[in-house]
There are 2 protein chains.
Amino acid sequence: MTVKDLARDLGMSVSTVSRAFHPHAVIAPQTRDLVLQRAAEIGYRPNPFARSLITKRTSIVGLVVSDITNPFYPEVVTRLTEDLRAIDMNVMLVAASASGEIDDAVRLLLTYQPDLAVILASTLSTAARRECDEAGTPVIFFNRLSNDDDAFGVTCDNAAGGALVADYLIDRGHRRLAYVAARPDASTNIERREGFVRRAVERGLASPAVIEAGLFSYEAGYHAAPGFAALSPRPDGVFCANDILAIGFMDGVRRELGLSIPDDLSVVGFDDVAMAAWPSHGLTTVRQPVEAMLASTVELARKLAAHASTAPFVNRIPPAGLVERQSARTRHD
Amino acid sequence: MTVKDLARDLGMSVSTVSRAFHPHAVIAPQTRDLVLQRAAEIGYRPNPFARSLITKRTSIVGLVVSDITNPFYPEVVTRLTEDLRAIDMNVMLVAASASGEIDDAVRLLLTYQPDLAVILASTLSTAARRECDEAGTPVIFFNRLSNDDDAFGVTCDNAAGGALVADYLIDRGHRRLAYVAARPDASTNIERREGFVRRAVERGLASPAVIEAGLFSYEAGYHAAPGFAALSPRPDGVFCANDILAIGFMDGVRRELGLSIPDDLSVVGFDDVAMAAWPSHGLTTVRQPVEAMLASTVELARKLAAHASTAPFVNRIPPAGLVERQSARTRHD
DNA sequence: CTGAAAGCGCTTACAG
DNA sequence: CTGAAAGCGCTTACAG
C-alpha cells in the first residue's frame, strides 16, 4: 500500500496525493478531503522512512535514561511519551546502566536522526554531547542541567526548593540542620544543597553538615546512616537530595541506629514520588512541578520540530510546594 | 556523509561500499576491512531509513507499556532496551495509561514497521492485535499471555509459583489461606490464583478465600484491607497477586485494621521487586526468573529478525524461588 | 491548483 | 569479486 496505489485508486497523481498529507502544501481543500478520507478507508499512511529521507526530519525523539532505580523517572518517561505522541512525535528509548554504554547508545540513536534528544540521565558524556551537536540534534536536559551552555534545560528551581526546606525546618524549631548529598556532579544535588545551606546561614544558623551519600538511590541513603551517627551535635533536621535517597536514609537510621522519626530527627525529601505518600514512608517532601516541566518540554519539542534553531535556554520552574506528611516534626517545641 | 562520499573517497563503487556493511554479502575480505576502517575514521554509518526502505526490515522493536506504577516494569524496560541494543535492535517506546489510547499508539508504532512488538502492558486490545497481524509484525507478550493463540509469550510459570506459596505457608502452619486478586483478565493473576488454590485444596485445606482488589497497584492492595477484615474466620496466610499489591495490602492492613504482620497474618507477594527487600517492607515473595525471561525474549527477537516465521509458542519459565523475609511467619507454632 | 520528473541514501539483481 | 543501473516510497521544485 503506497502513494502510487492510492493515487491510482483515486485517479490522481502521486504528487497530489502526497500534498494532501502536508498541512501547508498547496492543494484544493476538497481534493485533500477526498484523499484523506479514502486513505483512512483503506488504511494508508505515508511511510515515515521514505518521507524522512527527503525531509530530513523524522518525528523521532530520542529519550536517554539511566537513573532507573529512581521512581521519579518511570513516571516522567511514560508521561513524556504520551504527551509527545499527542504532537505526533515518537520516542526512541535509549537506556544505559553503566556510563560507558551510554555513549554507544547515543551514537546508535543518532543514526536514526532524531529531531531531538531528551536526556533524563544523570549526565551525558562530553563526547556524546559533541556528537549530538555535530549531527545537528538539539538536546534538552530534563531535570538536570548540562555543564556546558549549548543545550536546552527544563528543571525545577532547585535552589528555591532547598530554601523552602530550610525555612520549613527552621520555622518548626529545628536548629541543627544537615544535608544528605547524592551525585556530586548532578546539578540537582548541587543546587538543592546550595539553596538549603544559604537560607540556613541567612537565618543565622550554623552551616548545615553535609553527608556524602554519593548517589540518588535507596542504598546510598541507607548507608548514609553511619555518617549521620558520626555527627556531633546530632542534627535534628535532615534534608535529603531526593525522595528515594530520603526513604533509604529513613530506613537506615531506624534500622541501623534505632532512632525514631520524627521524634529524634526530622527528614525531608525532594520530588514527591508516589511512594512518598505511602503510610510506610509518610515522607514530607518538596513537590516537583512535573506537569509544568512536561508541558514546557513538549512545547519546546514542538518549536524545535517546527522552526529551525532557537538559542538554548534553561526553563527553571518554581517547586510546586512542600507536602507535609509524618517524617518531619510540625510543632515548635 | 553518504555511501557516495565514502565510495568516492575510497575510489570504489557504491555497490562495493554497501556490501562491506553486510556480513553475508560477497566481497573480498580485504576490501571490506578497508571500507569499514575508513568508515570508522570519518564516522560514516549507513542511513537506516534508506536501508529499510529496501530491506523491509528496520531493526526497531516496539515496546508497549502501560502498567507503569508497578516497579517491575521499569527494570524490565531498561534491561530489555540494553539487551536488544546488544543485538543491534532499537526500542521504540509506546506508553499508554488509558486503554483507549493504546490502540492509537500501536497504530502509530506500526507506521515505523517494527520488526517485532513486545507487549508489557496488561492486555492489548483485539483490534490492535489484528493490526499487528495484518502488518506482519510478530508480537511477544512478556509476563502476560494473550487470550488468543497466535502470539509468542515469555512468562514465569505462575501456577507453579502459586503452588510454591501454598506449600510454603502450609508447611509453616498456616491453615486459613486467602488470595488477594488483581486484574481479573490478566493471565498472571489467574494462573497464580489457580496454582495457589489448587495446591491448598490438594493438601486438604479449605479452598482459599479470594479478595478482589481489581488492579496490580499499591492503592488496590491498600483498599483490599476492609475485604480482608470481613472474612470470617480470619485468614492467617495471604498470598497477593504481586509485590506492589502486597505492599499496599500490608500498609492497609496495618494502618486501617491495626493488625500486625506476621503476628496476626502472614503476607507473601510475587515478583521480588527491589523494594520488597527494603526493611520498611521486608516482603517474603516469589522471585520471577527475570534473567531467564529477558534472555528468552532477546533470543526470540534475534530469531524472528533473522529468519522469517516460526510458529508462535509460549516459554513458561519456572520461578526463581521463594525469598524469605519478615512478612511471613517462619515457624510452625 | 495539478502532474511529470528528479532525487533522498541506500540495496541488490544482473553483467562482466 | 566488482560496477552500472534500477528501484524502495516518498517529497518538492518546476512547468503548465
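## A tour of two chains and their contact

Start where the two chains touch: the contact takes 44 residues from chain A and 44 residues from chain B. Keep in mind as you go that this is a predicted model.

**Stop 1: the interface.** The size of an interface is often given as the accessible area lost when the parts come together. Here, the area buried between chain A and chain B is about 4400 Å², and carbon and sulfur atoms give 64% of it. Now select F49(A), R85(A) and W278(A): in chain A they lose the most area to chain B, together 16% of what that side buries.

Next, select α4 (48–55), α5 (72–86), β2 (90–95), α6 (99–111), α10 (218–222) and α12 (243–257) of chain A. Each of these elements gives two or more residues to the side of chain A that touches chain B. By class, that side has 24 nonpolar, twelve polar and eight charged residues.

How many salt bridges are there between chain A and chain B? The count is zero. Polar contacts are found, though: seven residue pairs across the interface of chain A and chain B, with both residues at pLDDT 80 or more.

Stop 2: Select residues 90–95 in both chains. β2(A) and β2(B) pair in the antiparallel sense over three bridges. Which residue is the bridge partner of M92(A) in β2(B)? It is M92(B).

**Stop 3**

**Stop 4: a six-stranded sheet.** Still in chain A, find the open sheet with the order β7-β6-β8-β9-β10-β12 and mixed pairing. At its edges stand β7 (209–212) and β12 (322–323) of chain A; each has a single partner strand, so one side of each is left without a neighbour in the sheet. The partner to show beside β12(A) is β10 (residues 284–287) of chain A, which pairs with β12(A) in the antiparallel sense over two bridges. Zoom in on V286(A), and you will find it opposite L322(A) in β12(A).

**Stop 5: a salt bridge.** Over all chains, the structure holds 42 salt bridges. To see one of them, show the side chains of R107(A) and E131(A), which meet at 2.6 Å, N to O. R107(A) lies in helix α6 of chain A and E131(A) in helix α7 (residues 126–134) of chain A, so the pair ties together parts that are 24 residues apart in sequence.

Methods. Residues numbered from 1 in each chain as written. Chains lettered and ligands numbered in written order. Predicted model: local features only at pLDDT ≥ 70, side-chain atom pairs only at ≥ 80, totals over all residues. Heavy atoms only, no water. Contact = heavy atoms within 4.5 Å. Buried area = accessible area lost by both parts, 1.4 Å probe. Salt bridge = Lys/Arg side-chain N within 4 Å of Asp/Glu carboxyl O. Polar contact = N/O pair within 3.5 Å; in protein donor to acceptor, adjacent residues only side chain to side chain. Helix = DSSP H or I, 4+ residues; strand = E, 2+ residues; numbered from the N terminus. Nonpolar A, V, L, I, M, F, W, Y, C, P; charged D, E, K, R; others polar. Pairing = 2+ DSSP bridges.
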